[in-house]
Amino acid sequence: MASSWRLVPGQALLHRGWDDAFVLYNDLSGDTHLLSDGAMAMLIALRDGDVTPDELAAPEVAELLATLRQLDLIEPC
């Protein structure tokens with residue numbers, strides 16, 4: 001799996017959250033997703049450049065990254 005990821009260019013991360021869940025509208029695909037707080041935190045960290053390649057290569061985040069990629073929210077770079 002790639003060790004460098006980014007948001008799909010143009011993704012605005014339009015979202016609302018409550019408790020430990022978020023609803024995110026993918027303004028590029030028109031899809032709406034229900035995400036965990038961990039998934040939303042990862043998207044924001046990728047957007048802000050607050051996650052290192054070593055953190056992205058950690059085995060415990062591989063499934064989360066694969067899921068976000070399947071939702072067309074992130075891509076390898």
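Is Asp19 buried or exposed? Asp19 is exposed, with a relative accessible area of 77%; exposed means over 50%, buried under 20%, and partly exposed in between (1.4 Å probe, protein chains only).

The model is predicted: local features need pLDDT of at least 70, side-chain atom pairs count only at pLDDT 80 or more, and totals for chains, interfaces and linings use all residues. Residues are numbered from 1 along each chain as its sequence is written, and side-chain values use heavy atoms, without hydrogens and water.

**The sheet and the helix**

An open sheet is formed by 3 strands in the order E2-E3-E4, with antiparallel pairing. Strands (E, at least two residues) and helices (H or I, at least four) are DSSP runs, numbered from the N terminus, and two strands pair if DSSP finds at least two bridges between them. Strand E2 (14–18) and strand E4 (32–36) are the edge strands, each pairing on one side only. From one strand to the next, the twist averages 25 degrees; angles run from 0 to 180 degrees between N-to-C directions of axes, which are lines fitted to C-alpha atoms, for helices over the stretch in contact.

Strand E3 (residues 21–25) pairs with E4 over 5 bridges, and Leu24 stands opposite His33 in E4. Helix H1 (residues 37–48) packs on the sheet and touches E2, E3 and E4, where contact means heavy atoms within 4.5 Å. The direction of H1 makes about 105 degrees with that of E4.

Most residues other than glycine have a negative phi.
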